[in-house]
Amino acid sequence: MLKVLDSAVPIPCWSCSIGHNDSTLFCPHCSKIQPPPGGNYFSVFGLEPRLNLDLPALEHEFHRLSRKVHPDRFARAGENERQWSLADTALLNDAYRTLKDPLHRTEYLLKLEGAEIGEEFAAPAGRGAENGKDRKDPSRVPADLLEEVFELNMQLEEMRMARKMGEEDPALQASLEQAKRKFDGLLVEVDQNLHIEWQAWDEGDAAARKRAQKTMLALLDRRRYLSNLVRDVTETLGA
Amino acid sequence: MAEGRVVGIDLGTTNSLVAYMQGDAPVVIPGVDGSNLVPSVVALDPITAGGGRPTVTVGNTARKALIETPERVIYSVKRLMGRDLKEIQDELKLFPFRLAEDVEPGEVPRIRLGELKFTPPEISAYILRQLKRNAERFFGAPVTQAVITVPAYFNDAQRQATKDAGRMAGLEVLRLVNEPTAAALAYGLDRAKVGTIAVYDLGGGTFDISILKLRDGIFEVQSTNGDTHLGGDDIDNLLLTIALDEIHAEHGVDLRGRPGAVQGLRRAAIDAKIELSTEPIAHFDIELPNGDRYQREIPRAVFELLIEPVLERTAGPCKRALTDAGVTPEQIDEVVLVGGSTRIPAVRQLVDDLFHLKARGKKPHIELNPDEVVALGAAVQADILAGASKSTEAMLLLDVTPLSLGIEALGGTVARIIQRNSTIPASATEHFTTGVDGQTNVAIHVVQGERELAADCRSLARFDLRGIPPMSAGLPRIEVHFLIDADGILQVTAREQRSGLAAKIEVKPTYGLTDEQVESMILDSFDHAEEDFAKRLLIEARNEAETILAAVERAPGSPAWKQLTGEEQAAISAARGRLAAIKLGEDAAAIRDATLALDQATRRFAELMMEAAVTTAIRGKTMDAAGEDMGEAVTAPHAMAPAEFK
């Protein structure tokens with residue numbers, strides 16, 4: 001199932017000078033390590049971008065490539081090869097870390113398709129702190145959850161106050177636990193919906209893919225929102 | 001082998017070892033005395049009257065000097081590696097070392113050893129050089145390349161300091177390997193195992209826990225956690241505190257303030273601790289300076305109650321490591337115990353509880369000597385790197401970074417760019433732009449740690465992106481590439497994308513030595529050549545002379561000066577004139593004598609100053625003045641005598 005991408009312009013190998021496509025870590029002719037290739041995290045593994053991945057196969061390929069490219073294999077090599085091994089392995093590790101996680105993989109693919117996700121930043125000497133602020137922004141609350149979220153935030157506040165005073169409130173506790181179960185359930189629902197869209201993207205034509213991308217972006221937003229909520233409840237309950 | 005051997009070194013808090021791969025099995029290389037363990041103790045021999053150069057000794061001989069000349073000995077220096085002034089000051093509350101007085105903020109602190117001062121990497125370099133010599137004696141050939149182990153939870157600065165020490169000792173450090181991972185390598189060598197293992201490593205000064213997945217020779221670390229301030233030293237200090245308090249209360253003898261006696265007592269505490277691993281009861285029986293004997297029984301139950309809080313501190317990191325690896329205790333197939341402190345039965349009980357071992361009919365692995373297993377693993381990794389051996393060619397270690405890497409964002413919060421437990425090498429690319437029209441510099445602050453605020457994390461480096469072409473605000477697009485290499489050390493590169501210019505980067509490590517400093521500290525440069533050593537003595541004697549001269553220069557401006565008699569003022573002036581003249585000469589001993597004379601002459605003046613402004617005078621005087629207060633604090637867990645010198 002692993003496909004090899006062919007680059008339009010062949011790149012000559014630094015060692016044997018024979019041209020090869022630029023998405024390879026090793027020269028197919030002389031097997032020498034190459035500088036970090038172009039392409040994307042999928043092409044590192046010889047894959048087309050897709051969302052349903054065979055994870056055991058991915059892990060196997062990760063191990064196979066690691067054995068060949070890791071800096072441990074180049075500890076006594078020349079300076080160039082050492083540097084390329086380092087850069088290639090970083091790329092391989094970054095790619096594997098991103099692709100093995102379903103959410104990171106989805107976000108990455110959507111970014112490849114041009115979506116702006118998360119924190120692109122343009123602060124004067126750094127970046128704005130976007131993390132966590134979206135939940136406080138009422139416009140980001142999924143419309144169908146507005147009322148419940150409002151209620152939940154009140155209860156969370158009450159719970160924190162009670163905790164601070166050292167009081168027990170079993171009714172509130174039970175209510176929060178129930179809310180947590182509900183939001184956990186919603187998370188599962190989101191994940192199921194994401195899987196449906198994965199299928200749609202992997203197998204659909206261009207128009208179907210565009211539709212799936214739009215839906216997935218919305219689902220990811222909802223998911224981020226829900227998991228922040230669940231984390232807050234878990235933290236408050238566990239405090 | 002054309003390039004010579006690569007040895008594996010365990011540079012430990014208490015003991016250090018060097019090992020190599022003999023055929024397909026790693027073995028420890030013994031020292032001249034036949035011992036596998038080289039105590040991580042460095043001593044400076046007293047300068048002889050004839051003016052011969054002082055020599056540095058390492059290991060068992062240095063340890064003997066602890067009781068005779070404690071002010072010329074340093075141990076547990078690993079606790080000081082890669083730490084800044086503030087951290088070291090905290091650390092020195094537990095250890096009887098004296099910081100050099102002239103350390104500027106931002107500099108790597110120097111520790112006094114007799115009349116000289118050394119940075120922690122230099123002290124470590126002496127230990128490494130001893131190991132190198134042991135190996136060279138053993139092979140009868142030079143050894144220039146090594147793998148050195150570090151606690152998995154060591155941060156960037158601590159790792160860099162360890163690498164610097166290697167370079168000073170004349171070793172090319174091919175790789176830093178995490179200690180628990182090395183232990184796993186040592187255990188995994190003879191079996192093609194598949195499974196998930198936990199390595200619990202409680203050493204002399206650090207605690208690490210790592211969870212690894214083994215598969216077809218690939219050792220893939222899933223998560224790591226730990227505490228770089230937790231180990232057998234803490235247990236020793238608990239016993240020591242009890243003994244010091246009881247001796248004071250029952251015999252009216254305060255040993256705090258007598259470093260030699262405290263060291264003797266520490267030795268007895270360590271012996272008692274070791275005895276309690278096999279015996280139900282241990283005894284203190286110590287002769288006190290007043291002729292009394294301090295005798296005490298320590299039943300194991302009392303000992304276990306005493307150390308429980310210390311051991312309990314290892315539970316949190318274990319649980320976090322399991323969570324990060326996404327496994328339950330039941331999913332851990334095997335547990336490996338590393339570090340001398342895991343010989344303590346209570347530690348084994350705790351590990352059993354944490355990983356539900358007995359309930360599952362399992363036992364932790366202790367087949368390999370816990371003092372040696374890390375060095376053995378380092379030898380395996382050395383063999384992998386040398387790349388010439390059948391026994392290790394199928395093995396590969398995939399380790400992780402223990403701490404998240406982040407950038408300080410607006411408002412002082414941290415934006416994480418590489419999460420902890422990412423497989424290394426790992427990289428992240430971030431884009432930065434300008435906030436003001438025509439801005440040509442952008443400052444970036446890189447931190448390491450898990451806290452939300454940059455101020456609570458460890459500052460790694462501040463750097464300026466310079467030479468950005470002047471453009472409207474927000475238009476430049478500077479791509480910065482952060483890469484954590486296989487040693488767990490950060491590298492940074494940057495490029496302005498719109499203009500295609502490589503932005504110049506000036507990375508200022510927040511702590512640590514510059515390349516030039518490391519270069520100047522390479523041991524051979526002053527150790528082999530006697531005049532270099534003398535030069536160093538001379539430089540330090542001159543620095544001390546400068547310090548006191550500068551202080552005396554300011555003296556006439558002080559109200560205390562007017563309280564001195566004319567005779568006293570004249571004596572100071574005379575001593576000052578002598579020192580000012582002598583310090584230009586080449587005789588370090590003469591400069592030291594003249595410095596001492598000036599110090600004597602100004603003694604009453606200093607006292608008057610003290611009376612005038614007690615608090616400021618104490619703060620301004622010496623580090624150990626502050627430390628003396630610590631020694632009396634019975635409640636402090638590590639009450640230790642401040643060193644008394646001169």
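Visitor: At what angle do helix α6 (residues 232-251) of chain B and helix α8 (residues 300-312) of chain B pack, and how far apart are their axes?

Guide: This is a predicted model. In it, α6(B) and α8(B) pack at an angle of about 145 degrees. Their axes are 10 Å apart. The crossing is right-handed.

Visitor: Which residues make the contact of α6(B) with α8(B)?

Guide: From α6(B), they are Asp234(B), Ile235(B) and Leu238(B). From α8(B), they are Leu306(B), Ile307(B) and Val310(B).

Visitor: What makes up that contact by class?

Guide: Five residues are nonpolar, none is polar and one is charged. Asp counts as charged, and Asp234(B) is among the contact residues. Leu, Ile and Val count as nonpolar.

Visitor: Is the crossing of α5(A) and α6(A) left-handed or right-handed?

Guide: α5(A) passes α6(A) in a left-handed crossing.

Visitor: Which residues of α5(A) and α6(A) make the contact?

Guide: α5(A) supplies Leu152(A), Gln155(A), Glu158(A), Met159(A) and Ala162(A). α6(A) supplies Leu172(A), Ser175(A), Leu176(A) and Ala179(A). By class, six are nonpolar, two polar and one charged. Glu counts as charged, and Glu158(A) is in the contact.

Visitor: How many residues of chain B are in contact with chain A?

Guide: 33 residues of chain B are in contact with 23 residues of chain A. Being in contact requires C-beta atoms within 7 Å.

Visitor: Which elements of chain B each supply at least two residues of the side that touches chain A?

Guide: There is one helix, α11 (373-386). The strands are β11 (172-178), β18 (396-398), β19 (405-408), β21 (426-432) and β22 (442-448). By class, that side of chain B divides into 19 nonpolar, 10 polar and four charged residues.

Visitor: What is the confidence in chain A?

Guide: The mean pLDDT of chain A is 80, and 85% of its residues reach 70 or more. Among its elements, confidence is highest in helix α2 (residues 55-69) of chain A, at 94. Strand β2 (residues 19-20) of chain A is lowest, at a mean of 78.

Visitor: Where in chain A is the pLDDT below 50?

Guide: Residues 1-7 of chain A are one such stretch, with 18 contacts beyond near neighbours in sequence. Residues 119-138 of chain A are another, with 37 such contacts. Where pLDDT is low, predicted coordinates should not be read in detail.

Methods. Residues are numbered from 1 along each chain as its sequence is written. Chains are lettered from A and ligands numbered from 1 in the order in which they are written. This is a predicted model: local features need pLDDT of at least 70, side-chain atom pairs count only at pLDDT 80 or more; totals for chains, interfaces and linings use all residues. Axes are lines fitted to C-alpha atoms, for helices over the stretch in contact, and angles run from 0 to 180 degrees between N-to-C directions. Helices (H or I, at least four residues) and strands (E, at least two) are DSSP runs, numbered from the N terminus. A crossing is left-handed if the near helix is turned anticlockwise from the far one by less than a right angle, and right-handed if clockwise. Two residues are in contact if their C-beta atoms, placed from the backbone, lie within 7 Å. pLDDT is the predictor's confidence in each residue, from 0 to 100.
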